Amino acid sequence: MDQMQQKQSSIDPARLSGQPGLNAFPGPALPLQPTAQDTSITCPIVGSGKLPGLGPVQASGVREMPDQVRPEHVQLGSSPAVPVNISRPRPTALNSSRGPEADTKDKASIPNRIPGPHNPISLSQSPTESSLLSHSLQSPHSFIPQSNLPQPCLTPPSSLSPKPGSSPQPHRTSSPGGSVENQLQTDKTEGETDYGFRVHIVTWNVGSAVPPDDITSLFGPHAGDGSTDMFIIGLQEVNSMINKRLKDALFTDQWSELCMDTLSRFGYVLVASQRMQGVLLLVFSKFCHLPFLRGLQTEKTRTGLGGYWGNKGGVSARMTMFGHPVCFLNCHLPAHMRNLEQRMEDFESILQQQQFEGGTASGVLDHDVVFWFGDLNFRIEDYDIHVVKSAIDSNKLPLLWERDQLNIAKNSESILDGFLEGPLKFPPTYKFDVGTHTYDTSSKKRKPAWTDRILWRLRCTGSPVPTHNATLQRGLTSWLGGATKVVQHSYRSHMGYTCSDHKPVSAVFSLHFPFKVDLPLVTLEYEKEWTKVSDATVRFTVRSNFQRSSWDWVAIYKVGFKHHKDYVAYVWAKADHGSQVTFTEEDLPRDAGEYILGFYSNNMNTIIGVTMPFQVRTLPDVFLPVFNEQGIKQLLSAIQFSWIY
């Protein structure tokens, strides 16, 4: 039997910049809703060994998953996850040398109005950013107990912790016809406890609807317990009428605001956002991960009206996640049964045109892990609407899988090689009469279809350990296995929402890294409790490979802040001012409570250093007004003046 061959390639992260401002939004308390059935699909990567001369490392592993699914139930492409060879003529690639305007466009964007988952399947993937690795975790851990936010913000210890030593893995080659070559993972080592980096993705075509009051259930039953590390939200058909766009240009759009209000209560911060007319992508993370999400960039590609209109197309956000490049791509592809070929051409165009700066990870498929989701608009062929509805009513969904255009295309389109998807165990999510749970009863009578999908893809080579010594890099990479695995824990729809003719779809994954780049570029030293003004002095230490800017700043954030510019106050941390900043009396928080400090890098356009939450007590000498005779006179005078005018 042929052994699976792995092809190598390498990529590198990117960087960009930004500037401060101030804004804040109210956060309503939203109740939790019913939960979903979980399925477990594993896509591990193998390889690990021992490097002579190095000390012992800590074992890491995988948490137990509910409702495990055998690999033969996973819908796969027709060939291994290798770099794509596009057979159809492709658009001309963008020029890699861009001017200042392009630089500005590529930056990870916060909206302008915001100032500032036994038999798993195994596929390999690859590279990372150039930075030193730590032997112990330096990131913050959790919110302190009295906080209303979720407790765990913990990362398993040790950056250089490989998976426990594993023997060569058995191979399985699936039969011809609809398959890829796979490797089967060996049993977990006893005591393995790596929970992975949990990512929750939601996609929803909202049909220009006003947001519902409560979207908490979209984020699962455990949104508030801290078990999820990132939430990714991809929306399509957000209202983009001219009057609405003008309002959104001045204020945060309703959907972004609702997502921030919902997730900030649980300790998640908006990391990046990108909007192209009605296509919107939002990326949220626990605040403690912010220093390790680097090289943030966003892109957008219009494909409507021959590339001139943004009602169709794709928006993306990429970053290096603990040193491993990851890309999230939200697409809205052409509608209607007859437009299958156009959907494939538009997807190719999006992949070709979206180019990122900063090394070899210039394209979407150059990343270690790619998540592709959105209203992809693939339909169910051959069967008429009565057959489709009958299959849904009798729960014979596998009958419909066979004629799903995307499943068929994965066996014929090279551009889809390597893309994986969990089994569609939920009914088609389109098209419904708005306000009901009834499939289309209009004169058009659209056939139900799984238009809303979430897929993922892994590169076929291992990530090199970041070090400037080539020999050491090869040794460490071999020792650590040099690859990441992705496990899908659930894939479901949320049929309770009725404001759109589509139903939302979500999926939960965990990413298991062979090593982590987890030394923050900046470490902050501060008083653990602020009870007087003199406590408000912050010292910081920067790593030698960090490029400072005169536009860097240190900010105070209230625990539960929404984005990196939702601060209480900030102080410039200019390079020529040393490594210490002091907040003035006027800058200090007016309310006692829990706060954190964050160091924002203008060059990297992100927070690169954060602290644990600490207490700020009421500071009498700052906050209490002076009620002497002169103070009372001034107060009465001000009141009288306001009455007159």
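**Figure 1. Asp382 sits in the loop between strand 12 (369–375) and helix 5 (385–393).** Helices here are DSSP runs of H or I with at least four residues, strands are runs of E with at least two, and both are numbered from the N terminus. This is a predicted model, so to speak of local features we need pLDDT of at least 70, and side-chain atom pairs count only at pLDDT 80 or more, while totals for chains, interfaces and linings use all residues. Residues are numbered from 1 along each chain as its sequence is written, and side-chain values use heavy atoms, with hydrogens and water left out. Asp382 isn't a glycine, yet its phi is positive, at about 70°. Asp382 is also exposed, with a relative accessible area of 60%; exposed means over 50%, buried under 20%, and partly exposed in between (1.4 Å probe, protein chains only).

**Figure 2. Leu305 is another non-glycine residue with a positive phi, near 50°.** Look for Leu305 in the loop between strand 9 (293–304) and strand 10 (309–321). Its relative accessible area is 67%, which puts Leu305 in the exposed class.

**Figure 3. Tyr430 and Lys431 are joined by a cis peptide bond.** The omega angle is about 0°. Lys431 belongs to the loop that runs between helix 7 (405–409) and strand 13 (452–458).

**Figure 4. The largest nonpolar core has 59 residues.** A nonpolar core is a set of buried Ala, Val, Leu, Ile, Met, Phe, Trp, Tyr and Cys residues joined through side-chain atoms within 4.5 Å. The members that touch the most others are Met321, Phe328, Phe371 and Leu511. Setting aside neighbours within four places in sequence, Phe371 has contacts (heavy atoms within 4.5 Å) with residues including Ile201, Val326, Leu455, Trp456, Val486 and Phe509. There's a second, separate core of 24 residues, and among them are Leu521, Trp530, Tyr595 and Leu597. In soluble globular proteins, nonpolar side chains tend to be buried together.

**Figure 5. Helix 3 (residues 254–264) is mostly covered.** Nine of its eleven residues are buried, including Trp255, Leu258, Cys259, Met260 and Leu263. What do the buried residues of helix 3 pack against? Their partners are strand 5 (197–205), strand 6 (230–236), strand 7 (268–276) and strand 8 (279–286).

**Figure 6. Three strands make an open antiparallel sheet in the order 16-18-21.** Strand 16 (522–525) and strand 21 (580–582) are the edge strands, each with a single partner, so one side of each has no neighbour in the sheet. Ignoring direction, neighbouring strands of this sheet are turned by 25° against each other on average; the axes are lines fitted to C-alpha atoms (for helices, over the stretch in contact), with angles from 0 to 180 degrees between N-to-C directions. Strand 16 and strand 18 (residues 537–542) run antiparallel and are joined by four bridges; strands pair if DSSP finds at least two bridges between them.

**Figure 7. The protein chain averages a pLDDT of 74.** That score is the predictor's confidence in each residue, from 0 to 100, and 60% of the residues reach at least 70. Residues 154–192 fall below 50, though this stretch has 112 contacts in the model beyond near neighbours in sequence. Residues 622–626 are also below 50, with eight such contacts. Across the 645 residues of the protein chain, 58% count as buried.
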